[in-house]
Each structure stands twice: as C-alpha cells, then as structure tokens.
Amino acid sequence: MASAMPLAAETAPQDVAYDDIGAIAEPLSETAGNPEEGAKIYADKGTGNCVACHAISARTDAEFQGNIGPSLDGAGDRWSVEQLRGIVADAKRTFPESMMPSMYKTAGYVRPGDAFTGKAGTEPLPPLLNAQQIEDVVAYIATLKE
Ligand code: HEC
C-alpha cells in the first residue's frame, strides 16, 4: 500500500492490479459490495450515472435510459465479477478506445509533454467512484442474469 493513502482498507487507484484481459482479481475494499447501494449509484447522476449510457429492462424506475453502451441485461452471465470490476474501474483495459469513462483512475491519462515539463496539470484527479462504490456497482451488475 502507498503510505500516503488515508484508507488502508482500500486499494488506491494507482495500486490496482489488472490482469492481461483487464480484470481485477481482488476486491478494492474490505467491505463486500452491496448490490442495493450499487443499484442507486448506477442511476445516480451525481455518481455512477451509468444509466446515461446503458439500459436495464428491470429498471422501470429510471426516467431515462441511455443507448450509447450496450444493454446490461444479463451482464452478470456474460462477465465474471473480476471482469466486471475491471470494466467498471477502467473499461479501456477491456475495451481499448472505449468511450466508457474510467471510474477508478486518477493518473496516467495521455498528455504528451507532462513528463518533460513536470507540470502534470490536475493529476492526480479524483476518481469518479471510490473503491466501495466500485464494489457496490459490481455487486449490482453481477445480479443481472438473463
Ligand atoms: C459515456 C457512456 C458510458 C457510461 C457513463 C458508462 N458506460 Fe459502460 N459501456 C459503455 C460502452 C460504449 C460500452 C461498450 C464497450 C465498448 O466501448 O466497446 C460499455 C460497456 C460496459 C459493460 C460491458 C457490457 C456487456 O454487457 O458486454 C459493462 C458491464 C458496463 N459498461 C458497465 C457500466 C457501469 C456499471 C457504468 C457506471 C459506473 C457504466 N458502464 C458507465 C459506455 C458507458
């Protein structure tokens, strides 16, 4: 663990171990993901806002569902929990060139010149979701079975 991280029970974004298909084997937080919390984060415009791009048939509560990304119906059958964790944390590791935002990434964005000027702009950026929110959303998506 990086010594500067205040929450020892979480894996910091820069310490996450992705495998070669973009999956993350180890949970990012000690507390297991809560699918009910994840369902809220999924549709909450201030946090996950997954609903802006994705649709889930069962979510009749959502006023608007997006179609930029694929329907997530059955995503819990298509992907393992480890793969879902990798997709939610940093989708570009699974789908290169994806327009899906990296939810748990604070640095390493391509900005040529930074390494030379030492001016890294605003990095490290705050992650879009924290470790527990990632686990909660992953737990929720894993429940989506055909
Ligand atoms: C800006 C649009 C956008 C947002 C926001 C977004 N995604 Fe995606 N997502 C995509 C696209 C596009 C894909 C298809 C993969 C690709 O890019 O080729 C995808 C793929 C996925 C997949 C794999 C789909 C499958 O069934 O094969 C999952 C799971 C997923 N997203 C979950 C999420 C979750 C959870 C959130 C919110 C935390 C989220 N996405 C937010 C655009 C988005």
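**Figure 1. Asn 49 in the loop between helix 1 and helix 2.** This close-up comes from a predicted model, as do the other views. Asn 49 has a phi near 50 degrees, a positive value in a residue that isn't glycine. How exposed is Asn 49? With a relative accessible area of 26%, Asn 49 is partly exposed, because anything between 20% and 50% falls in that class.

**Figure 2. Glu 97, another non-glycine residue with positive phi.** Here the phi value is near 70 degrees. Glu 97 sits in the loop between helix 3 and helix 4. Its relative accessibility is 79%, so Glu 97 counts as exposed.

**Figure 3. Arg 93 in the loop between helix 3 and helix 4.** Helix 4 covers residues 114-117. Arg 93 has 45% relative accessibility, so it goes down as partly exposed. Which residues does Arg 93 touch, once those up to four places away in sequence are not counted? They are Tyr 18, Ile 21 and Gly 22.

**Figure 4. Ala 17, in the segment before helix 1.** Ala 17 reaches 57% relative accessibility and therefore counts as exposed. Setting aside neighbours within four places in sequence, its contacts are Ala 23, Ile 24 and Ala 25. Look also for Gly 86, which is 69 residues away along the chain. The C-alpha atoms of Ala 17 and Gly 86 are separated by 9.4 Å.

**Figure 5. Helix 3 packing on helix 5.** For helix 3 (residues 81-89) and helix 5 (residues 131-141), the angle is about 130 degrees and the axes are 9 Å apart. That makes the pair oblique to each other, because an angle has to be over 145 degrees to count as roughly antiparallel, and 65 to 115 is the roughly perpendicular range. The crossing of helix 3 past helix 5 is right-handed. On the helix 3 side, the contact uses Val 81, Leu 84, Arg 85, Val 88 and Ala 89; on the helix 5 side, they meet Ile 134, Glu 135, Val 137, Val 138 and Ile 141. Sorted by type, the residues of this contact are eight nonpolar and two charged, with no polar ones.

**Figure 6. The buried residues of helix 3.** Leu 84, Arg 85, Gly 86, Ile 87, Val 88 and Ala 89 are the buried residues of this helix. What do they pack against? Their partners are helix 2 (75-78) and helix 5.

**Figure 7. Helix 1 crossing helix 5.** The two axes come within 7 Å and cross at roughly 100 degrees, so helix 1 and helix 5 are roughly perpendicular to each other. From helix 1, the residues in the contact are Pro 35, Glu 37, Gly 38, Ala 39, Ile 41 and Tyr 42. Helix 5 answers with Gln 133, Asp 136, Val 137, Ala 139, Tyr 140 and Ile 141. Counting by type gives eight nonpolar, two polar and two charged residues in this contact.

**Figure 8. Helix 5, mostly covered.** How many of the residues of helix 5 are buried? The count is 11 of its 11 residues. Among them are Gln 132, Gln 133, Glu 135 and Asp 136, along with Ala 131 and Tyr 140. The buried residues of helix 5 pack against helix 1, helix 2 and helix 3.

**Figure 9. The largest nonpolar core.** Some background: in soluble globular proteins, nonpolar side chains tend to be buried together. In this model the largest nonpolar core has 26 residues, and Tyr 42, Ile 134 and Ile 141 touch the most other members. Helix 1 (35-43), helix 3 and helix 5 each supply at least two residues of this core. Which helix gives the largest share? Helix 5 does, with six residues. Zoom in on Ile 134 and, leaving aside neighbours within four places in sequence, you'll find contacts with Leu 28, Val 88, Ala 89, Met 103, Tyr 104 and Leu 129.

Terms used: Residues are numbered from 1 along each chain as its sequence is written. This is a predicted model: local features need pLDDT of at least 70, side-chain atom pairs count only at pLDDT 80 or more; totals for chains, interfaces and linings use all residues. Side-chain values use heavy atoms; hydrogens and water are left out. Axes are lines fitted to C-alpha atoms, for helices over the stretch in contact, and angles run from 0 to 180 degrees between N-to-C directions. Helices (H or I, at least four residues) and strands (E, at least two) are DSSP runs, numbered from the N terminus. Angles under 35 degrees count as roughly parallel, over 145 as roughly antiparallel, 65 to 115 as roughly perpendicular and the rest as oblique. A crossing is left-handed if the near helix is turned anticlockwise from the far one by less than a right angle, and right-handed if clockwise. Contact means heavy atoms within 4.5 Å. Ala, Val, Leu, Ile, Met, Phe, Trp, Tyr, Cys and Pro count as nonpolar, Asp, Glu, Lys and Arg as charged, and the others, Gly among them, as polar. A nonpolar core is a set of buried Ala, Val, Leu, Ile, Met, Phe, Trp, Tyr and Cys residues joined through side-chain atoms within 4.5 Å. Buried means under 20% relative accessible area, exposed over 50%, partly exposed in between (1.4 Å probe, protein chains only).
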